[in-house]
Amino acid sequence: MEHNEILIEMEMDYKTLVGYLIEKYGAAKYDYFTDAMCKMRSKRITRTKEGLFCHHIDEDKGYNLGDSNCAREQPYEYQKAERLVYCNYLEHLLLHIRIGKDKYWREHGSFTFPKEFNCFIVPGITYICSNINDLFEKNGSSVEWQNRCFKGIECNFDDYIYILKSFVDYMVDRYAGSREQKTIYVGQHIRHKRLGEGVITKITGEELFDFVTIKFADCEKITLRNNIDKGGYEETLIRVKERLSLNRNREIIKLIYEKLQ
């Protein structure tokens with residue numbers, strides 16, 4: 001891809017980008033699954049010989065629409081040919097970054113706590129990045145279709161890094177909370193609106209959905225970490241960069257991570 005085209009696509013909103021890609025690559029001709037029960041993906045939708053992926057336009061409303069089990073739980077209209085669009089690796093990433101931004105602002109009125117950085121990293125973004133990171137690390141793939149898709153972006157490493165850095169900068173620029181807060185710790189005193197003052201006695205891990213035990217005067221309460229952890233701006237930002245730098249084996253690719261600093 002040409003650098004200028006990438007810059008233009010990055011400035012488009014989701015609907016405009018979808019329309020641009022349909023015009024660029026042509027409209028899809030076949031439904032994604034061959035039947036309404038979504039048991040079998042149609043072989044006729046594949047365009048990996050051209051280095052292209054098939055993206056569900058309604059991923060901004062649905063979830064994991066290419067998975068048979070998830071797809072049958074959602075409207076079959078999402079699988080129709082007119083709801084599909086083709087894109088290359090970088091364009092697929094841009095589509096999901098746009099989805100991530102839009103989804104956040106639909107569900108949140110502000111961006112004020114470090115834990116909310118993770119809300120922008122919807123699964124599609126980290127999954128696509130892990131594949132691209134693998135390909136740049138190994139300079140291609142032994143899997144023929146993946147290598148064909150890589151050929152379409154192999155000269156765009158700097159553009160890929162630019163996309164990731166711009167995404168991180170987008171979040172940093174819009175973060176309106178304290179950048180000095182520290183993450184929670186055992187022994188920390190906190191106040192509950194109903195139970196009064198308590199002290200943290202146990203933390204099971206560092207992830208948002210790990211458990212925290214709090215001892216109050218009359219009881220002990222266990223809650224999810226993300227209910228009380230309002231700190232760790234720098235630590236959370238580091239983890240976001242790490243997640244964008246992982247390969248499919250969940251290993252940090254230094255080639256990518258160092259560029260995001």
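Before the helix pairs, one definition: axes here are lines fitted to C-alpha atoms, for helices over the stretch in contact, and angles run from 0 to 180 degrees between N-to-C directions. The model is a predicted one.

I start with H4 and H8. Their axes come within 11 Å and cross at roughly 10°. Angles under 35 degrees count as roughly parallel, so H4 is roughly parallel to H8. On the H4 side, the residues are Leu90, Leu93, Leu94, Ile97, Lys101 and Trp105. They meet Tyr160, Ile163, Leu164, Phe167, Tyr170 and Arg174 of H8. By class, this contact has 10 nonpolar and 2 charged residues, with no polar ones.

Next, H8 with another partner. Helix H1, residues 3-10, packs against helix H8, residues 157-174, at an angle of about 20°, and the axes are 11 Å apart. The crossing of H1 and H8 is right-handed. H1 makes the contact through His3, Ile6, Leu7 and Met10, and H8 through Asp159, Tyr162, Ile163 and Ser166. The classes here are 5 nonpolar, 2 polar and 1 charged. Ile163 of H8 is listed in the contact with H1 and also in the contact with H4.

Now back to H4, this time with H2. Helix H2 covers residues 14-25, and its axis lies 10 Å from that of H4, at an angle of about 160°. Which way do the two run relative to each other, parallel or antiparallel? Angles over 145 degrees count as roughly antiparallel, and H2 and H4 are therefore roughly antiparallel. Their crossing is left-handed. From H2, the contact uses Tyr14, Leu17, Val18, Leu21, Lys24 and Tyr25. From H4, it uses Glu91, Leu94, Leu95, Arg98, Ile99 and Asp102. These residues divide into 8 nonpolar and 4 charged, with no polar ones.

Last, the largest pocket. Its volume is about 960 Å³. The lining has 38 residues, and those nearest the centre are Glu59, Asn64, His92, His96 and Tyr127. Several elements give two or more residues to the lining: strand E1 (53-56), and helices H4 (89-107), H5 (117-120), H6 (123-138) and H7 (144-151). Which of them gives the most? H4 does, with 6 residues. By class, the lining divides into 17 nonpolar, 13 polar and 8 charged residues.

To sum up H4: this helix packs with H2, crosses H8 at roughly 10°, and gives the most to the pocket lining.

Methods:
Residues numbered from 1 in each chain as written. Predicted model: local features only at pLDDT ≥ 70, side-chain atom pairs only at ≥ 80, totals over all residues. Heavy atoms only, no water. 1 Å grid on protein atoms, 1.4 Å probe; cavity = no way out; pocket = protein on both sides within 12 Å on 5 of 7 lines; lining within 4 Å. Points joined across faces, edges and corners; volume = space filled by probe spheres on them. Helix = DSSP H or I, 4+ residues; strand = E, 2+ residues; numbered from the N terminus. Nonpolar A, V, L, I, M, F, W, Y, C, P; charged D, E, K, R; others polar. Parallel < 35°, antiparallel > 145°, perpendicular 65-115°, else oblique. Left-handed = near helix turned anticlockwise from the far one by under 90°. Contact = heavy atoms within 4.5 Å.
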